[in-house]
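Work through these exercises with the model open beside you. Each task is followed by a stepwise solution.

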Amino acid sequence: MPNKTEVHNNGQLKIGGVPALNLAEKYGTPLIAYDVSAIKQQIASFKKGLANYPAGGRIIYASKAFSALAMYRLAAKEDIGCDVVSGGELYAALAGGMDPEMIEFHGNNKLPEELEYAVKQKIGCIVVDNFHEIELLDKILAAHHTTAKVALRVAPGIEAETHKYIATGQSNSKFGFDLDSGQAQQALKALLDSPHFDVIGLHCHIGSQIFNAEGFEMAAVKMVKLMKRWSEEFGFSARILNLGGGFGIHYTESDQPLKPEIIVASLSQTVQTEIQKAGLELPELWVEPGRSLVGEAGTTLYTVGSTKKVPGLCNFVAVDGGMGDNIRPALYGAAYTALLAKDTNAPRNELATIVGKYCESGDVLVQAQMLPKFHADDILALLSTGAYGYSMASNYNRNGRPAVVFCEKAKDQLVIKRESYADMLRNEL
Ligand SMILES: Cc1ncc(COP(=O)(O)O)c(C=O)c1O
Ligand SMILES: N[C@@H](CCCC[NH3+])C(=O)O
């Protein structure tokens with residue numbers, strides 16, 4: 001079980017000090033319940049990792065992991081930044097009280113209106129991803145007689161050990177400028193040649209759900225080498241170095257994540273050593289964790305409904321949610337840990353597959369494995385669903401998206417209402 005799972009002494013699951021069964025009773029299911037102190041602990045751990053880095057740094061919450069007003073409010077309160085990848089996320093971040101200066105904008109195809117919105121809001125950094133964007137942004141800035149702080153996104157040519165859908169650092173990634181072909185260099189030149197860009201630094205992101213520190217270290221070394229080369233070639237001095245996010249979390253027993261403070265402290269040490277060797281000025285160090293801030297803090301509570309057993313063939317346990325509130329198993333074959341909320345120590349002696357209620361055979365939440373015996377009306381808890389669950393949710397089959405509740409110090413607060421049938425028709429004419 002993930003080490004953050006709270007279990008009452010009678011074996012019942014608790015989230016942020018609140019019994020899971022009470023939450024299910026009060027708000028209904030499916031329900032995504034966050035343990036807020038677990039989010040705060042992760043933020044504190046990232047901050048600790050950067051604490052001894054002399055040039056300082058920034059923790060930037062990758063808000064695609066869970067873009068909710070409550071989460072932006074929490075990020076603002078905790079004094080961290082956030083990244084956004086669309087006008088919609090930018091709007092939500094601002095509505096949640098994020099300081100525009102602490103917002104960073106990513107994306108491989110930012111729309112003209114999204115760029116204009118970011119420019120007007122004077123956000124802290126636009127991470128420039130491709131030549132089309134450079135042209136577009138240059139025109140927008142000229143039209144507004146202004147400048148923008150930008151960072152150049154480089155695909156550093158590092159193949160992260162993760163699912164191929166979520167690896168982004170390799171040369172053939174759709175994100176960022178390739179190094180080996182010379183495109184990254186050409187892009188930097190274009191940015192430096194325009195009076196509209198204040199190029200604050202460089203960015204890379206090698207992928208997501210990565211456990212091995214080696215990939216991050218390699219990226220850091222490569223980026224500093226690049227800083228050295230471009231300092232000599234263009235007299236360019238990067239004030240910030242952004243090494244992206246992608247820090248892995250615990251979904252099942254086989255996942256062994258490193259503590260953020262350990263991985264970030266080690267990365268910051270590598271950057272210092274390499275910068276010193278290169279004889280450059282130390283840049284600020286930025287990191288962009290998404291999953292690792294919110295993933296393990298979230299638990300989805302479902303109610304068990306039908307079961308289907310065909311001896312020797314299958315044993316399905318169906319819950320009242322599924323691929324609409326968690327697409328990750330269907331999309332990436334992602335694995336999760338399931339518990340019986342009323343008795344987390346229940347023996348796991350039943351081979352079963354947990355499926356959802358959607359009209360798809362691929363609507364599987366947990367592939368066949370040894371599980372506790374579930375009966376109709378039991379509350380089933382799926383752990384570590386706090387990242388890329390709600391934010392990737394859909395209304396497939398006209399199922400409303402679940403409610404979301406924040407729990408802390410034994411108190412619960414509804415932060416997103418359950419979507420009703422009427423909500424799902426609100427845009428239809
Ligand atoms: C540019 C960038 N930064 C940060 C992240 C956050 O990644 P994670 O949620 O794995 O930390 C992503 C997503 O992979 C990303 O594309
Ligand atoms: N959504 C993905 C990760 C993509 C990260 C964003 N670039 C996941 O659930 O694992």
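**Exercise 1.** How many bridges join strand S14 to strand S15, and do the two run parallel or antiparallel? Then follow S15 to its next partner.

Solution. A note before starting: the model is predicted.
- Step 1. Locate the strands: S14 spans residues 298-310, and S15 spans residues 314-319.
- Step 2. Count the bridges. There are 5, and the strands run antiparallel.
- Step 3. Check one pair. Val310 stands opposite Cys314 in S15.
- Step 4. Inspect the connection. S14 and S15 make a hairpin, with 3 residues between them. Gly312 sits in the turn, and its phi is positive, about 80 degrees.
- Step 5. Move on to strand S17 (residues 350-355). S15 is joined to S17 by 3 bridges, and this pair runs parallel. Val317 has Ile354 in S17 as its bridge partner.
- Background: strands of a sheet pair through backbone hydrogen bonds, in either a parallel or an antiparallel sense.

**Exercise 2.** In what order do the 3 strands S1, S2 and S3 form their open sheet? Identify the edges.

Solution. 
- Step 1. The order is S1-S2-S3, with antiparallel pairing.
- Step 2. Strand S1 (6-7) and strand S3 (18-19) are the edge strands, since each pairs on one side only.
- Step 3. Take the contact between S1 and strand S2 (residues 13-15). They pair over 2 bridges in the antiparallel sense. Opposite Val7 stands Leu13 in S2.

**Exercise 3.** Which residues of H6 are buried? Explain their placement on the helix.

Solution. 
- Step 1. Helix H6 (residues 131-143) has 13 residues. Its first and last C-alpha atoms are 19 Å apart, close to the 18 Å expected at 1.5 Å a residue.
- Step 2. List the buried set: Glu133, Ile134, Leu137, Ile140 and Leu141.
- Step 3. Look down the axis. These residues cover an arc of only 135 degrees, so they lie on the same side of H6.
- Step 4. Recall the helical repeat. An α-helix has 3.6 residues a turn, so residues three or four places apart point the same way.
- Step 5. Turn to the other side of H6. His132, Glu135 and Ala143 are exposed there.
- Step 6. Find the cover. The buried residues of H6 are covered by elements including helix H5 (112-120), strand S8 (125-128), strand S9 (148-155) and helix H7 (183-193).
- Step 7. Go past the end. His145 follows H6, and its phi is positive, near 50 degrees.

**Exercise 4.** How many residues surround ligand 1? Classify them.

Solution. 
- Step 1. The count is 18; the closest are Ala62, Ser208, Gly245, Gly290 and Arg291.
- Step 2. The shell around ligand 1 divides into 5 nonpolar, 10 polar and 3 charged residues.

Technical notes. Residues numbered from 1 in each chain as written. Chains lettered and ligands numbered in written order. Predicted model: local features only at pLDDT ≥ 70, side-chain atom pairs only at ≥ 80, totals over all residues. Near = placed C-beta within 6 Å. Nonpolar A, V, L, I, M, F, W, Y, C, P; charged D, E, K, R; others polar. Pairing = 2+ DSSP bridges. Helix = DSSP H or I, 4+ residues; strand = E, 2+ residues; numbered from the N terminus. Expected span 1.5 Å × (residues − 1). Buried ≥ 20, exposed ≤ 12 C-beta atoms within 10 Å, placed from the backbone. Arc of directions from axis to C-beta. Contact = placed C-beta atoms within 7 Å.
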